[in-house]
Amino acid sequence: MIIAPSLLACDFGSFAKETVRAQKSGAEWLHLDIMDGHFVPNISFGPEVVRVIRPLTKMTFDVHLMCSKPEILLEPFAKAGANSITVHVELAERVPQLFWKIRSLGLRVGLAVNPPTAIANAEPHLDQIDLLLIMTVNPGFGGQPFIHEMLPKIQQAAAWRRERRLRYRLEVDGGITQQTAIECARVGADTFVSGTALFGHRQLGRAVKKMREAVAACAPKDRSPESGLN
Ligand code: DX5
Ligand code: ZN
């Protein structure tokens, strides 16, 4: 089980301090939400912020590109210190080329699925990815409520992984609190992005630990034991 605090919910006046706080919390990954004001109606931060915080931590940098033109951003984020880059399945026929480019940069490949998009759209790509990100809110803003109708998608993605003996991590993103993380873990999620619920907590380390313990206690028994990278 991996907990990935989302830097989107940190104090934007103190990226460095907040990164150190996340590092000390014991979280394995730091989730970096990149928004371009076009694919989603908001703008967050770019590769320069990632480059500046990279030396402050050994956490895996999990870059989530909510961008219409990820092609022009892959190299800058790779150079800035990303470990994985996730692009959206809604980019349709551009997805295979993006995967190829991410791999050629030596990074792990992620695929994200927005709430209105059927999980079937991700199916043809499953043997190419390290990470499948199921959006549990409409992307663009932190602090939105979890959409429960996404649970069957997670269940389906977990079933495919089991049946086909694949190893992608199954990540959920949006409205993840301790309670909704438990609901996702029960249907097979193993990687939990959480912004508001973690960074909003004064004791981030405690919040991370509590979330990790809660999800570990309710993972399905048949989860593929070798699933996933870390
Ligand atoms: C949503 C982003 C999320 C966001 C989650 O557009 O992709 O990663 O940071 O934030 P919370 O946990 O506040 O919903
Ligand atoms: Zn995200």
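**View 1. Helix α5, end to end.** Helix α5 covers residues 151-163, and its 13 residues reach 18 Å from first C-alpha to last, close to the 18 Å expected at 1.5 Å a residue. That expected span is 1.5 Å times one less than the number of residues. Helices here are DSSP runs of H or I with at least four residues, strands are runs of E with at least two, and both are numbered from the N terminus. After α5 comes R165, with a positive phi near 50°. Keep in mind that this is a predicted model: local features need pLDDT of at least 70, and side-chain atom pairs count only at pLDDT 80 or more. Residues are numbered from 1 along each chain as its sequence is written.

**View 2. What's tucked away in α5.** The buried residues of α5 (buried means under 20% relative accessible area, with a 1.4 Å probe and protein chains only) are L151, K153, I154, A157, A158, A159, W160 and R161. So what covers them? The cover includes β5 (108-113), β6 (131-135), β7 (169-173) and α6 (178-186).

**View 3. Strand β5 and its neighbours.** Five of the six residues of β5 are buried, so this strand is largely enclosed by the rest of the structure. Strands count as paired if DSSP finds at least two bridges between them. β5 pairs with β4 (residues 84-88) in the parallel sense, over five bridges, and V109 in β5 is the bridge partner of I85. β5 also runs parallel to β6, joined by four bridges; here G110 stands opposite L131 in β6.

Notes: Chains lettered and ligands numbered in written order. Heavy atoms only, no water. Buried < 20%, exposed > 50% of the residue type's maximum accessible area, 1.4 Å probe, protein only. Contact = heavy atoms within 4.5 Å.
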